[in-house]
Amino acid sequence: MKVLKDILYKVSLTSTIGDMEREVSGIVFDSRKVEAGSAFVAVAGTQVDGHEFIGTALEKGASVIICEKLPEPIAADVTYVQVVNSAKALGIAAANFFDNPSEKIKVVAVTGTNGKTTTVTLLHQLFVSMGYGTGLLSTVENKINEEIIPATHTTPDAVSVQALLRKMVDKGCSHCFMEASSHAIVQERIAGLKLAGAVFTNITHDHLDYHGTFDEYIKAKKKLFDELPKDAFALVNGDDKRGAVMLQNCKASHQTFALKTAADFKGKIISNTLEGLELEINNKMIWFRMIGAFNAYNLLGVLGAAMLLGEEEDEVLRMLSGIRGAKGRFDRIAIGGIIAIVDYAHTPDALDNVLKTINGVRNGNEQLITVVGCGGNRDKTKRPVMAKIAVNESTKAIFTSDNPRFEEPMDILRDMQAGIGPSEMRKTLTIEDRREAIKTAVMLCRRGDIILIAGKGHEDYQEIKGVKHHFDDAEVVTEILEQMTEN
Ligand SMILES: CC(=O)N[C@H]1[C@@H](OP(=O)(O)OP(=O)(O)OC[C@H]2O[C@@H](n3ccc(=O)[nH]c3=O)[C@H](O)[C@@H]2O)O[C@H](CO)[C@@H](O)[C@@H]1O[C@H](C)C(=O)N[C@@H](C)C(=O)N[C@H](CCC(=O)O)C(=O)O
Ligand SMILES: Nc1ncnc2c1ncn2[C@@H]1O[C@H](COP(=O)(O)OP(=O)(O)OP(=O)(O)O)[C@@H](O)[C@H]1O
Ligand SMILES: N[C@H](CCC[C@H](N)C(=O)O)C(=O)O
Ligand SMILES: [Mg+2]
């Protein structure tokens with residue numbers, strides 16, 4: 001239980017009605033989860049406005065309503081707190097409710113279109129192996145040291161973020177590495193968080209369905225850097241032209257990592273093969289198990305963040321060279337002379353990078369067959385672009401379903417096909433059923449060929465009309481390859 005006025009510390013209030021000294025049993029932003037004594041925060045969303053559920057929240061026993069617009073009539077024996085921004089108030093109040101855990105643990109947030117999960121996972125593994133109690137908030141999973149707490153979002157909601165950080169502090173963690181998605185930044189899921197640093201990986205085409213324009217998407221990422229405190233670090237990819245944009249008007253210490261331009265943390269690729277990467281960093285040659293130039297960037301971001309947190313370069317490089325990447329990121333499955341690569345590339349840039357990485361290391365005689373789809377109820381403009389990239393960079397591209405969600409799979413596939421000219425159509429196949437598409441790719445293979453299965457990486461489900469059916473690309477391709485090799 002917490003006293004209401006204490007949990008509102010630093011929240012911008014417009015007006016209050018009722019007892020501010022009353023005790024609150026919890027902070028809730030979903031009326032369906034209200035319990036007796038809860039403070040219900042009404043947040044306007046993309047589907048509905050939480051203000052519509054104030055009545056339901058009261059029926060379920062809420063004793064405090066935090067909102068932007070006061071309802072009429074006002075109920076007796078309820079405290080109403082009118083705030084400037086409910087979403088922000090939710091984050092700050094949740095932080096206060098859980099005794100501001102981010103003041104007791106060094107939290108580093110990573111943002112960017114691609115590479116967030118990889119970066120935070122590497123940082124988590126690195127700090128655990130260096131002996132620190134370390135937390136992780138990521139797309140794949142949340143973790144407190146090695147304990148796994150399933151993730152539902154890339155960045156959890158504001159209350160869960162604070163509750164998870166509280167658990168990390170209570171379990172002795174000194175560091176937490178978290179992804180900050182652009183949705184989370186705009187929706188204030190990280191309001192109230194004191195960051196030790198932020199990392200910007202890159203920005204390319206994605207999520208225009210949500211942000212509307214690329215400029216708005218850039219602004220969303222920049223907000224993370226605009227709000228950093230003076231004593232934090234702001235580490236950005238200096239080779240991405242938006243890196244400098246992130247640093248404009250940023251109070252935190254400005255830091256860069258790069259392969260091409262001068263930077264605080266600079267690296268050079270010496271060799272790049274399907275086995276790993278050799279990088280030159282500060283006149284030292286280091287071997288890493290990660291593959292592709294894009295991972296060189298991720299590794300430099302990790303090195304920079306670790307050093308800015310006070311770690312020694314040599315120790316960090318020694319530890320990093322032994323670490324594998326995150327699940328579903330360039331996972332290699334080699335059976336019967338065929339190499340299947342399962343990768344979470346679900347944006348044009350990621351797909352292009354992964355395919356170019358594979359093309360950079362194959363000798364040209366082998367075929368590269370790409371199985372790819374695009375998610376339903378997500379940015380439609382990336383569909384033709386991803387299809388075109390798959391065709392340009394592969395011997396054959398098989399278009400299939402990703403997570404169709406509430407869209408008709410064939411509509412999504414038609415959007416993809418629209419990106420392909422008539423003369424390139426012969427390089428493509430469209431097979432709606434993902435298992436069949438993977439099976440066809442395997443059947444088209446000869447020894448030495450490579451199959452890229454893109455888009456779903458670690459996901460172990462396929463979401464169709466609100467139902468998640470078990471589906472795991474790695475499991476499916478392994479099963480099919482094993483069957484084929486037996487026959
Ligand atoms: C588009 C989006 O980001 N939506 C998120 C948002 O929901 P919303 O704004 O649509 O909420 P809404 O349904 O309109 O409801 C508005 C308010 O009314 C409340 N409500 C609603 C119904 C009710 O009966 N009672 C009630 O109180 C809701 O709790 C909410 O507070 O806020 C919710 C609570 O935090 C999130 O769960 C939800 O994520 C949805 C499920 C989602 O799919 N989000 C994806 C797009 C997302 O966030 N992805 C990013 C990663 C993207 C990337 O970089 O790849 C992520 O961080 O995971
Ligand atoms: N630094 C990078 N630059 C470009 N592409 C990358 C980079 N790192 C990883 N990728 C590609 O993007 C895919 C997704 O990587 P990762 O999961 O690390 O990104 P993310 O930013 O967490 O994505 P999400 O927004 O979905 O959480 C990888 O499977 C790989 O294909
Ligand atoms: N965090 C991303 C994941 C996309 C993964 C892809 N498999 C899809 O379903 O589109 C999103 O919600 O847009
Ligand atoms: Mg991620």
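**Ligand shells and sheets in a predicted model**

By class, the shell around ligand 3 holds no nonpolar, five polar and four charged residues, where Ala, Val, Leu, Ile, Met, Phe, Trp, Tyr, Cys and Pro count as nonpolar, Asp, Glu, Lys and Arg as charged, and the others, Gly among them, as polar. This is a predicted model, in which local features need pLDDT of at least 70 and side-chain atom pairs count only at pLDDT 80 or more, while totals for chains, interfaces and linings use all residues. Residues are numbered from 1 along each chain as its sequence is written, and chains are lettered from A and ligands numbered from 1 in the order in which they are written.

**Ligand surroundings**

- Around ligand 3 stand Thr154, His346, Gly375, Arg378, Asp402, Asn403, Gly455, Lys456 and Glu459, a residue being near a molecule if its C-beta atom, placed from the backbone, lies within 6 Å of it.
- Ligand 2 has 24 residues around it, of which Asn114, Gly115, Lys116, Thr117 and Ala350 come nearest.
- Helix 4 (116-129), helix 10 (293-308) and helix 12 (348-361) are the elements giving two or more residues to the shell of ligand 2, with helices (H or I, at least four residues) and strands (E, at least two) taken as DSSP runs numbered from the N terminus.
- The largest share of the shell around ligand 2, four residues, is that of helix 12, and by class this shell has six nonpolar, 13 polar and five charged residues.
- Ligand 2 lies between domain 2 (101-320) and domain 3 (331-486), because both give residues to its shell; the domain bounds come from an automatic or database domain assignment.

- An open sheet of eleven strands runs in the order 11-10-9-12-8-13-14-15-16-17-18 with mixed pairing, two strands being paired if DSSP finds at least two bridges between them.
- Its edge strands, each pairing on one side only, are strand 11 (147-150) and strand 18 (284-288).
- Strand 9 (residues 134-137) and strand 12 (residues 175-179) run parallel and are joined by four bridges, with Thr134 opposite His175 in strand 12.
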